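Here are my notes for your review. Please read them with the model open.

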Amino acid sequence: MNGIRDVFNRALRTRRSSAYFFVESSESAVPESGSTVSDQHELIRVDRRPVVAVVARPALVRSSTQLVLSDLHADSKFSQREVNELYREFKHECPAGYITKDRFLLMFQKFFPTGGSDRYAGYVFDTFERDAHGRVPFRSFLLGMSVLSRGNTDEKLRWIFDLYDIDKNGYVTQEEMTEIVSAVYEMRNDQDAPSTPGGNSEAVIRHAKSVFQKMDVNNDGVVSCEEFIAACHSVSVDETEAS
C-alpha cells in the first residue's frame with residue numbers, strides 16, 4: 001500500500017507540511033521553500049512547494065470506474081495516473097469504499113507511534129467531508145489529501161483554520177485553539193504535554209493564548225478565517241524581512 005501511505009505520510013507527518021502543526025520552542029530554522037506562521041518560531045509551518053507523493057504503478061481500475069476517477073482528476077491536483085493508483089490502494093486498505101474514524105485513527109498511529117495521536121487524528125478526520133454515517137469516502141479523502149500535499153498557501157491555511165474550528169461555526173475561539181495545541185503536544189509526546197489525556201498544561205495554555213491574541217486583531221474573542229489567514233501572512237512577511 002505504498003501509494004496511499006506515501007501521500008498520508010507526507011501530508012500528515014512531514015514537518016514542512018501544513019498538516020503537521022507541531023509547536024516549535026527550540027528550533028528556529030525556516031525551510032527555504034516554506035513560510036512559518038509562529039509565535040517566536042512556533043505552531044504552524046506551510047510548505048509552498050508541490051509534493052511528489054506517489055510512486056506510480058500500473059493502475060488496475062475498471063472502465064466503469066474510470067469515468068468517475070476522471071472527474072476526480074479534474075477536481076484535484078493529482079494526475080490521472082496518481083488518482084488511479086490512489087484509488088487502487090484505497091480500495092485495498094478500505095474495501096468498503098470509505099474510511100471510518102476508528103480506521104483513520106489506526107492509520108494515523110502508525111506515523112506517530114511514540115505519542116498519543118488519537119485526539120489530534122480525530123480532529124483531522126473531522127476536516128474531511130463525511131457521509132450521513134460519519135464515514136469518509138474516497139472522493140473526500142482524495143480532495144483533502146490534494147489540498148494538504150499540493151494546495152497553495154491560502155488553501156492550506158483554510159484547511160488549518162477548519163481544523164482549529166472544532167464546532168465548524170466559522171470562528172475559532174480561545175478554547176478551540178487551546179484544545180488543538182494541547183492535542184499537538186500530546187501527539188508529539190512533548191515534555192510539556194498534559195499529564196492526563198484531554199488536560200492542559202500551563203505551557204499549552206500560555207502558548208495557545210499567545211497565538212490567539214496575535215490573531216484576534218479586533219479583540220472580539222473569536223478569530224475568523226480572514227483574520228487567521230491575514231495573521232499568518234503577516235507573520236511570514238515579518239520573518240522574511242527580519243531575516
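1. Start with Asn219. The model is predicted. In it, Asn219 is exposed, because its relative accessible area is 64% and exposed means over 50%. Asn219 sits in the loop between α9 (202-215) and β6 (222-224). Its backbone deserves a look: Asn219 has a positive phi of about 55° although it is not a glycine. Most residues other than glycine have a negative phi.

2. Lys168 is another case to check. This residue is not a glycine, yet its phi is positive, at about 55°. Lys168 belongs to the loop between α7 and β5 (171-173). With a relative accessible area of 35%, Lys168 is partly exposed.

3. Next, the aromatic side chains. The structure holds 11 aromatic pairs. In Phe108 and Phe112, the ring centres are 5.2 Å apart and the planes stand at 20°, so this pair is stacked. Phe108 and Phe112 are both buried.

4. Phe108 also pairs with Tyr120. Here the ring centres are 5.9 Å apart and the planes are at 65°, so the arrangement is edge-to-face. The pair links distant parts of the chain: Phe108 is in helix α4 (residues 101-109), Tyr120 is in helix α5 (residues 118-126), and they are 12 residues apart. Tyr120 is buried, as is Phe108.

5. Which residues form one aromatic cluster? They are Tyr87, Phe90, Phe104, Phe108, Phe112, Tyr120, Phe125, Phe128, Phe138 and Phe141. Both partners of Phe108 described above, Phe112 and Tyr120, are therefore included in this cluster.

6. Tyr87 is one of the cluster members. Its place is in helix α3 (residues 80-93). Is Tyr87 buried or exposed? Tyr87 is buried, because its relative accessible area is 18% and the cut-off for buried is under 20%. Leu69 is 18 residues from Tyr87 in sequence, and their C-alpha atoms are 8.2 Å apart in space.

7. A charge sits over a ring elsewhere. Arg135 lies over the face of Tyr98, at 3.9 Å from the ring centre.

8. Finally, the helix packing. The axes of helix α6 (residues 138-150) and helix α7 (residues 153-164) come within 8 Å and cross at roughly 120°. The two helices, α6 and α7, are therefore oblique to each other. Their crossing is left-handed. On the α6 side, Val147, Leu148 and Ser149 make the contact.

Terms used: Residues are numbered from 1 along each chain as its sequence is written. This is a predicted model: local features need pLDDT of at least 70, side-chain atom pairs count only at pLDDT 80 or more; totals for chains, interfaces and linings use all residues. Side-chain values use heavy atoms; hydrogens and water are left out. Rings of Phe, Tyr and Trp (its six-membered ring) pair if their centres lie within 6.5 Å; planes under 30 degrees apart count as stacked, over 60 as edge-to-face and the rest as tilted. Buried means under 20% relative accessible area, exposed over 50%, partly exposed in between (1.4 Å probe, protein chains only). Helices (H or I, at least four residues) and strands (E, at least two) are DSSP runs, numbered from the N terminus. A charge sits over a ring if NZ of Lys or CZ of Arg is within 6 Å of the ring centre and within 35 degrees of the ring normal. Axes are lines fitted to C-alpha atoms, for helices over the stretch in contact, and angles run from 0 to 180 degrees between N-to-C directions. Angles under 35 degrees count as roughly parallel, over 145 as roughly antiparallel, 65 to 115 as roughly perpendicular and the rest as oblique. A crossing is left-handed if the near helix is turned anticlockwise from the far one by less than a right angle, and right-handed if clockwise. Contact means heavy atoms within 4.5 Å.
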